[in-house]
Amino acid sequence: MRPTPRSAVESLDPYVPGRAAEDDDHGLASNESWLGPSVSVRSTIIRAIDKIHRYPDPLATELRQRIGRELDVDPEQIVVANGSDELIYLLCLAYLRPGRRVVVADPPYRLHDVVPNLFDGDVVKVALRNWVHDLPAMAEAQADIAFICNPHNPTGTVVPAEAVKAFIDQSSSTLTIVDEAYIDFVENVDRQSALPLAREGRLVVLRTFSNASAEVVEVLRRVRPPFSVNSLAQAAGRNSRT
Ligand SMILES: Cc1ncc(COP(=O)(O)O)c(C=O)c1O
């Protein structure tokens, strides 16, 4: 008998990457920078090459300490992965029971829809209101997990941290995931970011570097591939601004 994938995998539309630039100097698709790596990140990576015959630090300890100092967050509340997308997979792997409801904005960032479906979740989409997340309507959706994409991909609109706090207080979701992949494009980040709320425990904030309650971090450490973030990426991260 031939192996058959689960039905959620069979019905999945494969990801189609943005069209590649015709020459390397002018590609802006997928938010890639045409400036290339900074001189200091490049030299840090070159130095780190001397250690690539060793496994990387599975907990990325130094990198978490560096991010913690930058964002004023306890390193025990930080888990690093190969991008926020990997954390979306890990959070669904650890917390989403088949058939449970996941609420997202409509339209959602694609992986907030695809990944819960892959784990047999029931994705409830709530239409944007004037292009912004309709958080009161999302709170009424009786979901177990909520994704808030802030700023929202694809519209770029922002909800303030007070609105996220009100959502957490009103909604039935035991886990709210605020994806702040584009927060660095927002003015007044301190007022808009949900990062200070993450200390309360029902919230995970994803950055291209990511943050969660210490309890959630402990769970994610159990399910993550131990050596997922390689040593060159860790070195480059230690050398970057978050
Ligand atoms: C809203 C959002 N979250 C997460 C990601 C993925 O980020 P990363 O490169 O850190 O996996 C993207 C990338 O487009 C995004 O738009």
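Biologist: What is the handedness of the crossing of helix 2 and helix 10?

Modeller: Right-handed, in this predicted model. Helix 2 (residues 39–48) and helix 10 (residues 231–239) pack at about 145°, their axes 9 Å apart.

Biologist: Which residues make that contact?

Modeller: On the helix 2 side they are Ser40, Val41, Thr44, Ile45 and Ala48, and helix 10 brings Ser231, Leu232, Ala235, Ala236 and Asn239. Sorted by class, that contact has six nonpolar, four polar and no charged residues.

Biologist: Why is arginine 101 called partly exposed?

Modeller: Count the other C-beta atoms within 10 Å of its own: there are 18. Buried takes 20 or more and exposed takes 12 or fewer, so a residue in between is partly exposed. With 18, arginine 101 is therefore partly exposed.

Biologist: Where is arginine 101 found, and what is it in contact with?

Modeller: Arginine 101 is found in strand 1 (residues 101–106). Setting aside neighbours within four places in sequence, its contacts are Asp122, Val124, Ala141, Gln142, Ala143 and Asp144. Then there's isoleucine 145: it is 44 residues from arginine 101 in sequence, yet 6.7 Å away in space, C-alpha to C-alpha.

Biologist: Now the ligand. What surrounds it?

Modeller: Gly83, Ser84, Asp85, Tyr109, Cys149, Asn153, Asp179, Ala181 and Thr208. Helix 4 (residues 83–95) supplies the largest share of that shell, with three residues.

Biologist: Which residues of helix 4 meet helix 5?

Modeller: Asp85, Ile88, Tyr89 and Cys92 do, and across from them in helix 5 (residues 110–118) are Leu111, His112, Val115 and Pro116. The classes here come to six nonpolar, one polar and one charged.

Biologist: How many residues of domain 1 are in contact with domain 2?

Modeller: Seven, and they touch 15 residues of domain 2. The domain 1 side splits into one nonpolar, four polar and two charged residues.

Conventions:
Residues numbered from 1 in each chain as written. Predicted model: local features only at pLDDT ≥ 70, side-chain atom pairs only at ≥ 80, totals over all residues. Near = placed C-beta within 6 Å. Helix = DSSP H or I, 4+ residues; strand = E, 2+ residues; numbered from the N terminus. Axes fitted to C-alpha atoms, helices over the stretch in contact; angles between N-to-C directions. Left-handed = near helix turned anticlockwise from the far one by under 90°. Contact = placed C-beta atoms within 7 Å. Nonpolar A, V, L, I, M, F, W, Y, C, P; charged D, E, K, R; others polar.
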